[in-house]
Amino acid sequence: MKKRILITGASSGIGEAIALEMAPEGHTFYLTGRNEQRLKAVCKKVKSMGGKVFLGVGDVSDVDSVDNQFSEAEAMMGGVDVLVANAGVGHFGNLEDMSVSQFDEQFNTNVRGVFMWMRKVLPGMKSRNTGQILVTSSNLGLKTSARTSVYSGTKHAVQAMVWCLRDELEGTMVKAATINPGSVSTPWFDGKDVNRDNMLTTTDVAKAAKLIIDQDETSNIDHILLLPGRS
Ligand SMILES: NC(=O)c1ccc[n+]([C@@H]2O[C@H](COP(=O)([O-])OP(=O)(O)OC[C@H]3O[C@@H](n4cnc5c(N)ncnc54)[C@H](OP(=O)(O)O)[C@@H]3O)[C@@H](O)[C@H]2O)c1
C-alpha cells in the first residue's frame with residue numbers, strides 16, 4: 001500500500017538511505033533538513049526511483065519551523081502515515097569537555113525536535129487509527145559508554161519517550177518504534193580519523209526501517225538493535 005512518509009534529516013546519511021530504500025514502492029515523501037541544496041539532490045534521486053516527493057527546509061528544534069513544515073506536509077500530502085524522526089547531531093568527549101552549547105544543540109535537535117514532530121503527527125494518526133512513528137535512536141539509547149554522556153542522554157530520553165508513547169497508544173492501530181544502530185558510516189564521520197570498515201552501512205539501517213514501516217497490522221515492532229556484523 002502506498003504511504004505518505006515524512007522523514008526529518010533526509011538530506012544525508014540514514015534519513016536519505018531510508019527514503020531511497022522506500023522510493024521504488026512509489027510512496028509519497030515529505031523530506032526535511034536545513035540544507036536545501038542537499039535536500040534537492042536527494043529529492044531528485046527519490047523521484048527518479050519512483051517516489052513522489054516534496055521538501056521542507058527548516059530546523060527541527062524551531063517550533064515555528066516544525067509547525068510550518070507540518071502544515072505544508074498536510075496540505076501537500078493530505079496527511080502523514082509514517083513519521084521517521086531521524087534528524088540528529090552528536091558531540092563526543094568527556095563530560096567536562098562538553099560545552100553548554102553542544103549540550104543544547106544535541107538536546108534541542110535529538111529530543112525537542114523528535115518531541116515536536118511526534119506531537120504534530122499524532123492527532124491525525126489517532127483520528128485515522130493508523131500510523132507508524134519511527135525514531136532513529138541509537139545503541140546508546142539502550143546502553144551507556146564513556147565519552148558519550150550527553151549524546152547517550154539524548155538517546156535515552158527519546159527511547160523513554162517512545163516507550164511511554166507505546167503505552168499511551170495501547171488499543172489503537174498507531175504504532176511507535178525505534179531503530180537502535182551502533183556506528184554507521186555516514187557523513188557524520190567525515191573528516192574524522194576513524195576506521196569505517198567495521199561500521200554498519202546506511203543501507204543496513206534503512207532495511208531495518210523498512211521492516212518496521214512495512215510490518216503487517218498483526219505486528220508491532222518495539223525496537224530494532226543493529227550492531228555491526230564485522231566487529
Ligand atoms: N552515524 C551513526 O553512527 C549513528 C548511529 C546511531 C544513530 N545515529 C542517528 O542517526 C540519525 C541520522 O544521523 P546520520 O548518521 O545519518 O548523520 P548525518 O548524515 O549527519 O544526518 C543528519 C541529518 O539530520 C539533519 N539535521 C541535523 N540537525 C538538524 C536540525 N537542527 N534541523 C533539521 N535537520 C537537522 C541533517 O540535515 P541538515 O544538515 O540539512 O539540517 C541530516 O540530514 C541521528 O539521529 C543520529 O543520532 C547515527
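For residue classes, Ala, Val, Leu, Ile, Met, Phe, Trp, Tyr, Cys and Pro count as nonpolar, Asp, Glu, Lys and Arg as charged, and the others, Gly among them, as polar. By those classes, the shell around the ligand has 9 nonpolar, 18 polar and 3 charged residues.

Two notes on the source. This is a predicted model, in which local features need pLDDT of at least 70 and side-chain atom pairs count only at pLDDT 80 or more, while totals for chains, interfaces and linings use all residues. Numbering starts from 1 along each chain, as its sequence is written.

I'll stay with the ligand. A residue is near it if its C-beta atom, placed from the backbone, lies within 6 Å. There are 30 residues around the ligand, and Gly9, Gly13, Gly33, Arg34 and Gly88 come nearest. Helices and strands here are DSSP runs, numbered from the N terminus: H or I of at least four residues for helices, E of at least two for strands. Helices α1 (13-22) and α4 (100-128) each supply at least two residues of the shell. The largest share, 3 residues, comes from α1.

Now α1 itself. A residue is buried if 20 or more other C-beta atoms lie within 10 Å of its own, exposed if 12 or fewer, and partly exposed in between, with C-beta atoms placed from the backbone. In α1, 8 of the 10 residues are buried, so the helix is largely enclosed by the rest of the structure. Those residues are Gly13, Ile14, Gly15, Glu16, Ala17, Ile18, Ala19 and Met22. Contact requires C-beta atoms, placed from the backbone, within 7 Å. The buried residues of α1 pack against β1 (4-7), β2 (28-33), α2, β4 (82-85), β5 (131-136) and α6 (202-213).

How do α1 and α2 pack, in angle and axis distance? The angle between α1 and α2 (residues 36-48) is about 15°, with their axes 9 Å apart. Axes are lines fitted to C-alpha atoms, for helices over the stretch in contact, and angles run from 0 to 180 degrees between N-to-C directions. Angles under 35 degrees count as roughly parallel, over 145 as roughly antiparallel, 65 to 115 as roughly perpendicular and the rest as oblique. The two helices are therefore roughly parallel. On the α1 side, Glu16, Ala19 and Leu20 meet Val42, Lys45 and Val46 of α2. That contact has 4 nonpolar, no polar and 2 charged residues.

Last, Gly58, in the loop between β3 (52-57) and α3 (63-77). Gly58 is partly exposed, with 18 other C-beta atoms within 10 Å. Leaving out residues up to four places away in sequence, Gly58 touches Thr32, Arg34, Ser65, Asn68 and Gln69.

How values were computed: Two residues are in contact if their C-beta atoms, placed from the backbone, lie within 7 Å.
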